[in-house]
Amino acid sequence: MDTSIRIPLTGLHIGIDPIIGLVPGVGDLISTAFSAYIIFLATRFGIPRKDLAKMIFLDQARKLARVVGPTKDKAPQTEEEWQEFMAVWGN
């Protein structure tokens, strides 16, 4: 959701997450719905409970980090940053 929309003729990508976040409450609701759907799919594909718990924890930690003022600047913001974070700390 961080680089899902390509701007024509520029090669730049923007995310839908900041766009839906412009409407207070709605962005959080839609983001939570996407997260819940991903976790639902993970259960359907038989992901172990330990990994599901880690997914849920990290998702909630990401949301909390975005709410807490100064921590927001230090927390990974894009999907690529979260993938790097998970590669180092997720195992």
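1. **Contacts along the chain.** Contact here means heavy atoms within 4.5 Å.

2. **What the model is.** This is a predicted model: local features need pLDDT of at least 70, side-chain atom pairs count only at pLDDT 80 or more, and totals for chains, interfaces and linings use all residues. Residues are numbered from 1 along each chain as its sequence is written, and side-chain values use heavy atoms, with hydrogens and water left out.

3. **Layout.** Read from the N terminus, the order is β-β-α-α-α-α-α. Both kinds of element are DSSP runs, numbered from the N terminus: helices are H or I with at least four residues, strands are E with at least two.

4. The chain has 91 residues, and 21% of them count as buried. Buried means under 20% relative accessible area, exposed means over 50%, and partly exposed lies in between (1.4 Å probe, protein chains only). The chain exposes about 7,100 Å², with 67% of that supplied by carbon and sulfur atoms. Accessible areas come from the Shrake-Rupley method with a 1.4 Å probe; for residues, only the protein chains shown count as cover.

5. **Ser35 and Asp59.** Look at this pair together. Ser35 is in helix α2, while Asp59 is in helix α3, residues 49-67. Ser35 is buried, because its relative accessibility is 12%. Asp59 is buried too, at a relative accessible area of 11%. They are 24 residues apart along the chain, yet their C-alpha atoms are separated by 7.6 Å. Setting aside neighbours within four places in sequence, Ser35 contacts Asp59, Arg62 and Lys63.

6. **The nonpolar patch.** Which residues make the nonpolar surface patch of about 880 Å²? They are Ile5, Ile7, Leu12, Ile14, Ile16, Ile19, Leu22, Val23, Val26, Ile30 and Phe34. Two elements give two or more residues each: α1 (16-20) and α2 (26-44). The largest share, three residues, comes from α2. Patch members have over 30% relative accessible area and no salt bridge; nonpolar side chains (Val, Leu, Ile, Met, Phe, Trp, Tyr) are joined within 5 Å, like charges within 9 Å. A salt bridge is a side-chain nitrogen of Lys or Arg within 4 Å of a carboxyl oxygen of Asp or Glu. Take Ile30 in helix α2: this residue is partly exposed, with a relative accessible area of 30%.

7. **The negative patch.** Glu79, Glu80, Glu81 and Glu84 form a surface patch of negative charge. In this count Lys and Arg are positive, Asp and Glu negative, and His and the chain ends are left out. Each charge is placed at NZ of Lys, CZ of Arg, CG of Asp or CD of Glu. Glu84 is in helix α5, residues 79-89. It counts as exposed because its relative accessibility is 57%.

8. **Leu9.** This residue is worth checking. Leu9 sits in the loop between β1 (5-6) and β2 (13-14). Its phi is positive, about 65 degrees, although Leu9 is not a glycine. Most residues other than glycine have a negative phi. Is Leu9 buried or exposed? Leu9 is exposed, because its relative accessible area is 89%.

9. **Gly21.** Gly21 is in the loop between α1 and α2. At 48% relative accessibility, Gly21 is partly exposed. The C-alpha atoms of Gly21 and Ser31 are separated by 8.8 Å, with the two residues 10 apart along the chain.
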